[in-house]
Amino acid sequence: MTLADETVVEVAASPAALGDPARPTFAHASEAEMARILDFYAVRWAYEPDVFPILWSVDGEVVESFSPDFYLPDLDVYLEMTTLRQRLVRKKNRKLRRLRELYPAINIKLFYARDFRALMLKYGKLALVESLSGSSGQVVPERPAEAEPSTNLVAPPAAAPAPPAEAPPRLADLPGPRPPSRRRPRTAEARRLP
Amino acid sequence: MSANVDLVGDIGEVLLTEAQIQTRVAELGVEISADYAGRRLTLVSVLKGSLPFMADLMRSITVPTRIDLMEVSSYGGATTESSGLVRILKDLSASIEGEDVLICEDIIDTGLTLNYLIRYLGGKRPGTLRICTLLDKPARRLVEIKVDYTGFTIPDQFVVGYGLDYNEHYRNLRFVGVLRPEVYTSAG
């Protein structure tokens, strides 16, 4: 069989497939690799489209938030990647637990270093793992560190917008500065199992 | 690489013996035959890993059955860099419109390939489209997929044998085993 015999099937459009000039700058090489994998399998994604407040001050101001790396709109799932060593992911695990407590309706998957390694092994790219993981994989300067929670912070305060269990509010729905608007790639037809 | 492959010695642990596999495949055949009683089934094997599974499964199914084969490129494979998109390397040879189709997979982990296939085959308007997998590794799932028939749910380990490969080797093992990590770490 020649390449000409092959059929390229675009069952969905991703930003990369569309040549979207707004393709984001990824904070980490592993995220860029994940985006390429999602593109390859025609899974639409948005990069850090939503910010979820997870901790408020007593004055009701958001002091800590969580912005999952990817949102896959067709699957309605968030994907958070961390390629740090397992013992270093405590803070992220804590934030994720908090997120799940406050927004139980959202579906989020945490992709650990071991998951990324397994994915690279599956795709025959194990040799690249080291360069795509941990501090080696950071492709832009680290974003400003978020304030560590302290004991005088409570969440959520009575005056703060309490997240409903059914449909968690996104920052755009909350008072205060609006986050960047979510980029919504083109919708694609996808037949489901009968 | 090929000269250094020790088919059995590279296996750290036998996860599923040949007998366990054959017993379970026969059970799946009975279950599928009952579910599709009075109907005609089209089995679609996703090359290359599911070939042994489908070969055994089809002989355990007692309803009239057609078979067809599909192959899609894998991320990281030879065709990845050219387009960046998954390719259908081998498409179905016959129409499945209105047919009862059962996709036979060797293993489901992330679900990315299967998610693509479901959408692709769904576009061919089958009467029904269901999923049968020999192995399910739910710990790796990125895309949630309803699996209708599962042979075994396995732990999060890299397995080969009974169709599953590493660098195209180990497919011909009659059992499913965990590949010793030094095999793929030394291969780098």
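Which residues lie nearest the centre of the largest pocket? They are A:K122, A:Y123, B:S74, B:D165 and B:R171. Before I go on, please keep in mind that this is a predicted model.

Let me stay with the pocket for a moment. The space in the largest pocket comes to about 1,300 Å³. Its lining is made of 49 residues. By type, that lining divides into 22 nonpolar, 13 polar and 14 charged residues.

As for where the lining comes from, five elements each supply at least two residues: α3 (113–122) of chain A, and from chain B β3 (65–72), β5 (100–108), α4 (112–122) and α5 (181–187). The largest share belongs to α3(A), with six residues.

How many of the residues of α4(B) are buried? The count is 11 of the 11, so this helix is largely enclosed by the rest of the structure. The buried residues run from B:L112 to B:G122, and among them are B:N115, B:Y116, B:R119 and B:Y120. What lies over them? The cover includes α1 (29–40) of chain A. From chain B, the cover includes β2 (41–46), β3, β4 (87–90), β5 and β6 (128–136).

Staying in chain B, next is a sheet. Three strands form an open sheet in the order β1-β9-β8, and the pairing is antiparallel. Strands β1 and β8 of chain B stand at the edges with a single partner strand each, so one side of each has no neighbour in the sheet.

Now the pairings one by one. Strand β1(B), residues 11–16, pairs with β9(B), residues 176–179, over four bridges in the antiparallel sense. Within that pairing, B:I11 has B:L179 as its bridge partner.

One more residue from chain B. Is B:S33 buried or exposed? B:S33 has 8% relative accessibility, and buried means under 20%, so B:S33 counts as buried. B:S33 sits in helix α1 of chain B, residues 18–35. Setting aside neighbours within four places in sequence, B:S33 is in contact with B:S60, B:I61, B:T62 and B:V63.

Over to chain A. Its secondary structure comes to four helices and seven strands. Read from the N terminus, the order of elements is β-α-β-β-β-β-β-α-β-α-α. Chain A has 194 residues, and 48% of them count as buried. Taking the contacts in chain A with a separation of 6 or more, 66% are between residues 24 or more positions apart.

A:R98 is part of helix α2 of chain A, residues 90–102. Along the chain, A:R98 and A:S65 are 33 residues apart, and their C-alpha atoms are separated by 9.8 Å. The side chain of A:R98 also reaches the backbone oxygen of A:I54, at 3.2 Å.

How values were computed:
Residues are numbered from 1 along each chain as its sequence is written. Chains are lettered from A and ligands numbered from 1 in the order in which they are written. This is a predicted model: local features need pLDDT of at least 70, side-chain atom pairs count only at pLDDT 80 or more; totals for chains, interfaces and linings use all residues. Side-chain values use heavy atoms; hydrogens and water are left out. Two strands pair if DSSP finds at least two bridges between them. A polar contact is a pair of N or O atoms within 3.5 Å; within protein, one must be able to donate a hydrogen and the other to accept it, and residues adjacent in sequence count only if both atoms are side-chain atoms. On a 1 Å grid over the protein atoms alone, a cavity is a set of points where a 1.4 Å probe fits but cannot get out, and a pocket is an open set with protein on both sides within 12 Å along at least five of seven lines; lining residues have an atom within 4 Å of a point. Grid points are joined across faces, edges and corners, and a volume is the space filled by probe spheres set on the points. Ala, Val, Leu, Ile, Met, Phe, Trp, Tyr, Cys and Pro count as nonpolar, Asp, Glu, Lys and Arg as charged, and the others, Gly among them, as polar. Buried means under 20% relative accessible area, exposed over 50%, partly exposed in between (1.4 Å probe, protein chains only). Contact means heavy atoms within 4.5 Å.
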